[in-house]
Amino acid sequence: MFTAWRLSVVNFRKLLAAASLVSLLASCSGANNYTPLLNSEPGAGEIITERTPRTLRLFYAALPDVDNSELTLTGPEGDYSLRGLHTMGADDLMVEIYQPALTNGSYTVQWKTRVEGDPAIYAGQYSFDVAIPE
Ligand SMILES: [Cu+2]
């Protein structure tokens, strides 16, 4: 009887912890967690094993405004310099990874943009890994 009661207290605590985590996550992202980012190259969570990426490309729900857009890339060497932010006209942002060249490790892309037909400024981030066998 005592053991059963203890177990239920433990389960209740776990449930409380899970519930507060869920409400914390919900309050962080807000009621409106819409993002216009649809896809990217490299992709979010991708583990690249074949060819070191030389560019970043992000695909949105509408044409991004290049002048109101920012991309940054951080990784094992800190901040990577990017050059030539542009759009290929496919509702995308594209940039060349200038230097240093990517090595194996984890990278984070941070982006900020405004897309056609929407006055809001959106921002987000995602990560990918480079893990090319030596
Ligand atoms: Cu391009």
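In strand 7, which residue is the bridge partner of E70? The bridge partner of E70 there is K112.

This is a predicted model, in which local features need pLDDT of at least 70 and side-chain atom pairs count only at pLDDT 80 or more, while totals for chains, interfaces and linings use all residues. Residues are numbered from 1 along each chain as its sequence is written.

## Elements and sheet

The protein has one helix and eight strands. Helices (H or I, at least four residues) and strands (E, at least two) are DSSP runs, numbered from the N terminus. From the N terminus on, the order of elements is α-β-β-β-β-β-β-β-β.

Eight strands form an open sheet with mixed pairing, in the order 1-3-6-5-4-7-8-2. Strand 1 and strand 2 stand at its edges with a single partner strand each, so one side of each has no neighbour in the sheet. Two strands are taken to pair if DSSP finds at least two bridges between them.

| Strands | Bridges | Residue pair |
|---|---|---|
| Strand 1 and strand 3 | four bridges | S40 opposite L58 |
| Strand 3 and strand 6 | five bridges | F59 with D92 |
| Strand 5 and strand 6 | four bridges | S81 with Q99 |
| Strand 4 and strand 7 | five bridges | E70 with K112 |
| Strand 7 and strand 8 | nine bridges | W111 with G124 |

Strand 3 covers residues 55-60 and strand 6 covers residues 92-99. Strand 5 covers residues 78-86. In general, side chains in a regular strand alternate between the two faces of the sheet.

## Core and burial

Of the 134 residues of the protein, 14% count as buried. A residue is buried if 20 or more other C-beta atoms lie within 10 Å of its own, exposed if 12 or fewer, and partly exposed in between, with C-beta atoms placed from the backbone. Two residues are in contact if their C-beta atoms, placed from the backbone, lie within 7 Å. Among the contacts with a separation of 6 or more, residues 24 or more positions apart account for 61%.

A nonpolar core is a set of buried Ala, Val, Leu, Ile, Met, Phe, Trp, Tyr and Cys residues joined through C-beta atoms within 7 Å. The largest one has 14 residues, and those with the most contacts inside it are L56, L58, Y60, L73, Y107 and V109. Strand 3, strand 6, strand 7 and strand 8 (122-130) are the elements that give two or more residues to this core.

L73 is located in strand 4 (residues 70-75). L73 counts as buried because it has 21 C-beta neighbours inside 10 Å. Not counting residues up to four places away in sequence, L73 touches L56, Y80, L82, I97, Y107 and V109. L73 and Y107 are 34 residues apart in sequence, and their C-alpha atoms are 6.8 Å apart in space. V109, leaving aside its neighbours within four places in sequence, is in contact with L56, L71, L73, Q125 and Y126.

W111 belongs to strand 7 (residues 105-113). With 23 C-beta neighbours inside 10 Å, W111 counts as buried. The contacts of W111, not counting residues up to four places away in sequence, are L58, E70, L71, A123 and G124. G124 is also the bridge partner of W111 in strand 8. W111 and L71 are 40 residues apart along the chain, with 4.5 Å between their C-alpha atoms.

## Backbone geometry in the loops

Most residues other than glycine have a negative phi, and most peptide bonds are trans. The residues below depart from this in phi or omega.

A cis peptide bond joins E41 and P42, with omega about -5°. P42 lies in the loop between strand 1 (37-41) and strand 2 (47-48). Q99 and P100 are likewise joined by a cis peptide bond, with omega about -5°. P100 is in the loop between strand 6 and strand 7, while Q99 is the bridge partner of S81 in strand 6.

The hairpin of strand 5 and strand 6 has five residues between the strands, and G89 within this hairpin takes a positive phi near 80°. D91, a residue other than glycine, has a positive phi near 55°. D91 lies in the loop between strand 5 and strand 6. Is D91 buried or partly exposed? D91 counts as partly exposed because it has 18 C-beta neighbours inside 10 Å.
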